[in-house]
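My notes follow the display.

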Amino acid sequence: MNVNAFFGELFANQISGFFGMDVIVSSLVLGTFVFSEGSRLKMKNLWIYIASNLLVGVSLGLPLFLLMRQRKLEETP
C-alpha cells in the first residue's frame, strides 16, 4: 500500500479533504476521550476501543465505548 498516494487522493480536493480531516479529528478526539474517561473510571482493556476505531471506524469505537462506560457507571455505587 502506498501511503503517500493514499493521502494524496484523500486530500485531492476540498470535499475529500474536509471528509479526511473530519475522520482524522474524530478518531483523535475519540482516542483522547477513551483514555481520559476510561482511566478515570478504571476501565480495563481500553485498547479494544482504539482497535475498533482503527479497524472499522468511529461508528463502532464510540458506541462500543459508551456502552461499556455506561455499564461501568451502573455497577459502581
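**Nonpolar patch**

I began with the surface: H2 gives the most to the nonpolar patch, with 5 residues. Helices here are DSSP runs of H or I of at least four residues, and strands are E runs of at least two, numbered from the N terminus. The model is predicted, so I kept to its limits: local features need pLDDT of at least 70, side-chain atom pairs count only at pLDDT 80 or more, and totals for chains, interfaces and linings use all residues. Residues are numbered from 1 along each chain as its sequence is written, and side-chain values use heavy atoms, without hydrogens and water.

I listed the patch members: Met1, Val3, Phe6, Phe7, Phe11, Met21, Ile24, Val25, Leu28 and Val29, with about 990 Å² of accessible area together. Two elements give two or more residues each, helix H1 (3-10) and helix H2 (14-40). The patch rule takes residues with over 30% relative accessible area and no salt bridge; nonpolar side chains (Val, Leu, Ile, Met, Phe, Trp, Tyr) are joined within 5 Å, like charges within 9 Å. Areas come from the Shrake-Rupley method with a 1.4 Å probe, and for residues only the protein chains shown count as cover.

I checked Met21, which sits in helix H2. Met21 counts as partly exposed because its relative accessibility is 43%. The classes are buried under 20%, exposed over 50%, and partly exposed in between (1.4 Å probe, protein chains only).

**Salt bridges**

I then asked how many salt bridges there are. The count is 3, with a side-chain nitrogen of Lys or Arg required within 4 Å of a carboxyl oxygen of Asp or Glu.

Arg40 and Glu37 meet at 2.7 Å, N to O. Both lie in helix H2, 3 residues apart, about one turn of the helix. Arg40 is exposed at 52% relative accessible area. Is Glu37 buried or exposed? Glu37 is buried, because its relative accessible area is 11%.

Glu37 also bridges to Arg69, at 2.9 Å, N to O. This pair links distant parts of the chain: Glu37 in helix H2 and Arg69 in helix H4 (residues 58-75), 32 residues apart. I noted Arg69 as partly exposed at 21%.

Lys72 and Glu75 form a salt bridge at 3.7 Å, N to O. Shared partners join Glu37, Arg40 and Arg69 into one network.

**Ser16**

I looked up Ser16 next, in helix H2. Ser16 is buried, with a relative accessible area of 18%. A polar atom of its side chain lies 2.9 Å from the backbone oxygen of Leu10. The Ser16 side chain also reaches the backbone nitrogen of Ala12 at 3.5 Å.

**Aromatic rings**

I ended with the rings. The structure holds 3 aromatic pairs. Rings of Phe, Tyr and Trp (its six-membered ring) pair if their centres lie within 6.5 Å; planes under 30 degrees apart are stacked, over 60 edge-to-face, the rest tilted.

Phe33 and Phe65 are edge-to-face, 5.3 Å centre to centre with 80° between the planes. Phe33 is in helix H2 and Phe65 in helix H4, 32 residues apart. Phe33 is partly exposed at 28%, whereas Phe65 is buried at 0%.

Tyr49 and Phe65 are edge-to-face, 5.3 Å centre to centre with 75° between the planes. Tyr49 comes from helix H3 (residues 47-55), and Phe65 from helix H4. Ring pairs link Phe33, Tyr49 and Phe65 into a cluster.

Notes. A polar contact is a pair of N or O atoms within 3.5 Å; within protein, one must be able to donate a hydrogen and the other to accept it, and residues adjacent in sequence count only if both atoms are side-chain atoms.
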